[in-house]
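Subject: Structure handover

Hello,

Here is the structure I promised you. Please have it open while you read my notes below.

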Amino acid sequence: MATDPSILWPAAPSPVVKRFFGKWIARMLRSDFAAVRTHADTADHLRALERRTTPAVVLMNHASWWDPLLGMHLAANLCPSRELIAPMEMAMLRKFAFFRKLGVFGIEPDHPQAPQALNAYVLETFRTRPGSAFWLTPQGTFADVRTPIRLRPGAASVAASVHAAFGSVDVLCIAAELVFWTDRKPEALFRIAPCPCPRPDSTLAWLRAMTATMQSNADALAAAAVARDPAAFSPLLGGAAVDDMDAVASLVRELDE
């Protein structure tokens with residue numbers, strides 16, 4: 001598909017690079033996080049994409065530098081047969097061009113033709129690679145998890161266009177929080193919810209539905225995070241009970257012997 005390179009820079013996915021990078025992400029997360037957890041059984045919403053061929057749009061809030069890597073880890077472990085495609089600001093992708101091999105494409109967000117180029121690219125991807133899933137952070141910028149959800153209209157426009165072109169679209173919303181509980185390392189917490197829309201051909205209806213679902217999902221995850229109950233979550237990575245003070249005490253005893 002021909003695109004204006006000043007507006008959109010297509011991805012160039014490589015299965016080999018994806019496999020290598022996926023292993024690197026998992027190793028990095030094990031090193032830097034106590035656990036990666038999904039709330040209750042909400043991970044099943046992502047797993048269900050494995051059994052469907054409907055075009056999928058996955059929305060995630062954007063509170064930290066970790067979000068793209070965590071999103072890729074979720075995708076690789078919960079819906080691995082779905083080829084991930086995701087947008088990145090053009091200037092950032094120019095600096096980290098290897099992300100194109102992971103399914104990331106560049107977009108110039110302030111260009112007046114960017115919305116049309118984005119829609120056309122996603123639609124063409126779903127036509128030529130039906131097993132794809134379009135992941136994005138529709139807030140468009142970093143936003144603290146405590147602030148109200150405000151979305152740019154791009155995700156809603158894509159969902160309406162995809163539904164109009166294919167007759168259906170699966171939209172999921174992922175809430176993410178990084179919190180400290182009892183370990184010296186943080187916990188990465190996720191909650192996943194489906195996003196129904198009463199008028200799926202309407203961009204405005206999708207914008208309202210996405211905002212409402214992302215907000216309610218974030219609120220539910222926040223309540224679970226405050227409760228600090230690991231039993232309310234399913235560990236995706238790590239999650240073993242570790243008491244750092246016991247480990248320190250054990251080391252001191254060894255040094256004293």
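Leaving aside its neighbours within four places in sequence, which residues is methionine 60 in contact with? Before the answer, one caution: this is a predicted model.

**Methionine 60**

Methionine 60 is in contact with Asp67, Leu70, Gly71, Leu136, Thr137, Pro138, Ile174, Ala176, Phe190 and Met214, once neighbours within four places in sequence are left aside. The residue sits in strand β3. Its relative accessibility is 4%, so methionine 60 counts as buried. Tryptophan 135 is 75 residues away along the chain, yet the two C-alpha atoms are separated by 7.6 Å.

**Helix α6**

Helix α6 covers residues 154-166, 13 residues in total. From first C-alpha to last it reaches 18 Å, close to the 18 Å expected at 1.5 Å a residue. Its buried residues are Ala155, Ala156, Ser157, Val158, Ala159, Ala160, Val162 and His163. After α6 comes glycine 167, with a positive phi near 90°.

**Aromatic residues**

The structure holds 10 aromatic pairs. One of them joins phenylalanine 105 and tyrosine 121. That pair is tilted, at 4.5 Å centre to centre and 50° between the planes. It links distant parts of the chain: phenylalanine 105 is in strand β5 (residues 104-107) and tyrosine 121 is in helix α5, 16 residues apart. Both phenylalanine 105 and tyrosine 121 are buried.

Phenylalanine 105 also pairs with phenylalanine 134. Here the ring centres are 6.3 Å apart and the planes lie at 20°; stacked pairs have planes under 30 degrees apart, so this one is stacked. Phenylalanine 105 belongs to β5 and phenylalanine 134 to β6, so the pair ties together parts 29 residues apart in sequence. Phenylalanine 134 is buried, as is phenylalanine 105.

Elsewhere, Phe21, Trp24, Phe98 and Phe99 make up one aromatic cluster. Tryptophan 9 has arginine 94 over its face, at 4.2 Å from the ring centre.

**Pocket and cavity**

The largest pocket holds about 1,400 Å³ of space. It is lined by 39 residues, and the closest to its centre are His62, Pro87, Met88, Glu89 and Thr137. Thr137 is also among the contacts of methionine 60. Elements giving two or more residues to this lining are α1 (15-32), α3 (67-78), β4 (83-89), β5, α5, β6 and α6.

How many cavities of 30 Å³ or more does a search of the whole structure find? The search finds 1. The largest cavity has about 30 Å³ of space. Its lining consists of Asn61, Ile149, Cys173, Ile174, Ala175, Met214, Asn217 and Ala218. Both β7 and α7 supply at least two residues of that lining.

**Threonine 125**

Is threonine 125 buried or exposed? At 4% relative accessibility it counts as buried, because the cut-off is under 20%. Threonine 125 is found in helix α5. Not counting residues up to four places away in sequence, it touches Ile85, Pro130 and Ser132.

Best wishes

Technical notes: Residues are numbered from 1 along each chain as its sequence is written. This is a predicted model: local features need pLDDT of at least 70, side-chain atom pairs count only at pLDDT 80 or more; totals for chains, interfaces and linings use all residues. Side-chain values use heavy atoms; hydrogens and water are left out. Helices (H or I, at least four residues) and strands (E, at least two) are DSSP runs, numbered from the N terminus. The expected span of a helix is 1.5 Å times one less than its number of residues. Buried means under 20% relative accessible area, exposed over 50%, partly exposed in between (1.4 Å probe, protein chains only). Rings of Phe, Tyr and Trp (its six-membered ring) pair if their centres lie within 6.5 Å; planes under 30 degrees apart count as stacked, over 60 as edge-to-face and the rest as tilted. A charge sits over a ring if NZ of Lys or CZ of Arg is within 6 Å of the ring centre and within 35 degrees of the ring normal. On a 1 Å grid over the protein atoms alone, a cavity is a set of points where a 1.4 Å probe fits but cannot get out, and a pocket is an open set with protein on both sides within 12 Å along at least five of seven lines; lining residues have an atom within 4 Å of a point. Grid points are joined across faces, edges and corners, and a volume is the space filled by probe spheres set on the points. Contact means heavy atoms within 4.5 Å.
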